[in-house]
Amino acid sequence: MRGDGGAGGPGRVRGNAERGGRGGDGESGGHADGGDTGTARRAAGPGGVREGVGRRGMLRGLAATGAAALAAPVVAGGAPAVAASRVVSRSAGPFEVLALLDARGTFPGKLRDRFSGAAEEDWRLAERLDPGSFGPGGTWRLDFRCYAVRRPGGRITLVDTGIGPAGSPAAGWAPVPGRLPRVLAEAGIAPSDVDSVVLTHLHEDHYGWAVGPDGAPAFPEARYLLQRSETAALDPADPAMTYVVGPLRRSGQLTEVEGAVRLCGGGRRGGAVHLRPTPGHTPGHQSVLVDGGRRRIVVTGDVLVHAVQLAAPAVAYAFEQDPATARASRERLLSEAHARGSLLATAHLTRPFVRPGPAAALS
Ligand SMILES: [Zn+2]
C-alpha cells in the first residue's frame, strides 16, 4: 500500500455501491437509493480528468503513440460512439441534483499504473463498486460528468462543464467532442437558467464548455466560482488561463472565493448549497455539498477519480499535485459522507451516484 493507511486503518472508508441505483455502467439511469425519487431521461455524451502541464503532456504523448484507446470513443462525423445515456437525478430536500454525462472514453495507459498503491483486495472491491470502469486489456473506462443543482424556482447551479467541443484544450487526450449542451437541453435547462457555475478545478476536462464557440462565457447570466487558491496557482502558460480564466475575468463573471462558502439557500423548505475546499488534486480544488436537510449529496469533483479510491481512500492517483493533501481531503470527505449518509456524485466513475459505506455491506 502506498502511504501508511493500510487496510482497516483510521479514516479508511469502504465504498458501497448505491443500493437501488442501477448505474452499473452509467447508462442505465435508474432510480434513487432508499427513497430518493430519481428520474431518468434521455441524454448523452462522454468526458475527462486533468492535472498539470506534465500530466497533460504525458497524456497527449500516450494518445499520440496509440498506447491509449482515445480514438475509439469518437466515430466519423464527430459523434461520440457511446450508447445513449441519460440524465439521472436524485433529490435532496428542496434540491434536485442531475447527473449530466458529457462524454465517455478510455484514459491513456493502463488503469493500474495510475493507482500503484492499490492492493489486490482494493481492486477486487473496486470492480464490484464500479465494474464499468474496467475496460479491455487493463484499460480505464471513465465518464466525464457534470452536475446541475436545480433549486426551488428552477434556477440552476452547474458544477463543472466537461471536456468541451472538438478543439477544446482536452482534445489532446480526451474523447472530444462532449455533448453537454445537448444534455442540458434534454434536461430542460437553458443556458440562461444557469445563474452559477462552480468549477471544481481548472483541469481541461472540467471547464470545456464554460465558454462558447466565440470564446465568450457560455452561461451569460452566471457567475463562475473558483477558489482563489486555484487561480493563484495556475501557470500562466496553462491553457486554462487563456481559454476560461481570461474570458471570465474580461466579462466580469469570475468570482474567486476563499474557503468554505454558502452558495445559496433552499427557500422556505430550508437546506443550502455549500462550496467546500478539498485541495490536493489541485491546490484550489473544491467540492459542492448539497444539503437538503435529512438528505445530502456531495458533488465530489476529482477528490476521487476511480472506485479504487472509494475502496481504499489512502490510495493516491498518479496525477494528484499534492498526494498527501489529496489523501487527507479524500479521507475527510468520505468519512463525513459516510457518517452523514450522504450520496456521492462523482465526475469519473461510470455510475453517477454512489454511497460510501462499509465494505461488508457489499457482501
Ligand atoms: Zn477530472
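This is a predicted model: local features need pLDDT of at least 70, side-chain atom pairs count only at pLDDT 80 or more; totals for chains, interfaces and linings use all residues.

Me: Where is the kink in α5?
Reply: At Val245, shortly before the proline Pro247, and the kink is about 35°. Val245 and Pro247 are both buried, and so are Ala240, Tyr243, Val244 and Leu248.

Me: What covers those buried residues of α5?
Reply: The cover includes β8 (223–227), α4 (228–232) and β9 (254–257).

Me: Switching to α7. What should its span be, and what is it?
Reply: Helix α7 covers residues 323–340, 18 residues that should span 26 Å at 1.5 Å a residue. Its end C-alpha atoms are 25 Å apart, which agrees.

Me: Which residues of α7 are buried?
Reply: Ala326, Arg327, Ser329, Arg330, Glu331, Leu333, Leu334 and Ala337. They pack against β12, β13, α6 (308–311), β14 and β15.

Me: What follows α7?
Reply: Gly341, with a positive phi near 70°.

Me: You mentioned β14 and β15. In which sense do they pair, parallel or antiparallel?
Reply: Antiparallel, over two bridges, with β14 at residues 343–346. Ala345 has Phe353 of β15 as its bridge partner. The link between β14 and β15 is a hairpin of six residues.

Me: Which residues sit on each side of β15?
Reply: Phe353 and Arg355 lie on one side of the strand, residues 353–356, and Val354 and Pro356 on the other. All of them are buried, and both faces of β15 are covered.

Me: OK, on to β12. Why is it described as largely enclosed?
Reply: Six of the six residues in β12 (residues 286–291) are buried, so the rest of the structure largely encloses this strand. Gln286, Val288 and Val290 point one way, while Ser287, Leu289 and Asp291 point the other way. In general, side chains in a regular strand alternate between the two faces of the sheet.

Me: Which strands pair with β12?
Reply: One is β11 (residues 272–277), antiparallel over six bridges. Another is β13 (residues 296–301), antiparallel over four bridges. Leu289 shows up in both pairings: His274 has Leu289 as its bridge partner, and Leu289 stands opposite Val298 in β13.

Me: How many residues lie between β12 and β13?
Reply: Four, in a hairpin whose turn contains Gly293, with a positive phi of about 95°.

Me: Now the packing. Which residues touch the most other members of the largest nonpolar core?
Reply: Leu100, Tyr147, Val197, Val290 and Ala345, out of 77 residues in that core. Strand β4 (residues 95–107) gives the most to this core, with six residues. Apart from it lies another core of nine residues, among them Ala170, Ala171, Trp173 and Ala347.

Me: What does Val290 touch?
Reply: Leaving out residues up to four places away in sequence, Val290 touches Ala92, Phe95, Val97, Val149, Val273, Arg296, Ile297 and Val299.

Me: And Tyr147, buried or exposed?
Reply: Tyr147 counts as buried, because it has 27 C-beta neighbours inside 10 Å. Tyr147 lies in strand β5 (residues 140–150). Among the residues it touches are Leu100, Val159, Val299 and Ala345. Tyr147 and Ala347 are 200 residues apart in sequence, with their C-alpha atoms 8.4 Å apart in space.

Me: One more helix, α2. Which of its residues are buried?
Reply: Asp122, Leu125, Ala126 and Leu129, in a helix running over residues 120–129. Seen down the axis of α2, they fall within an arc of 105°, so they line one face of the helix.

Notes
Residues are numbered from 1 along each chain as its sequence is written. A residue is buried if 20 or more other C-beta atoms lie within 10 Å of its own, exposed if 12 or fewer, and partly exposed in between; C-beta atoms are placed from the backbone. The arc is that of the directions from the helix axis to the C-beta atoms. Two strands pair if DSSP finds at least two bridges between them. A nonpolar core is a set of buried Ala, Val, Leu, Ile, Met, Phe, Trp, Tyr and Cys residues joined through C-beta atoms within 7 Å. Two residues are in contact if their C-beta atoms, placed from the backbone, lie within 7 Å. The bend at a residue is the angle between axes fitted to the seven residues ending there and the seven starting there. The expected span of a helix is 1.5 Å times one less than its number of residues.
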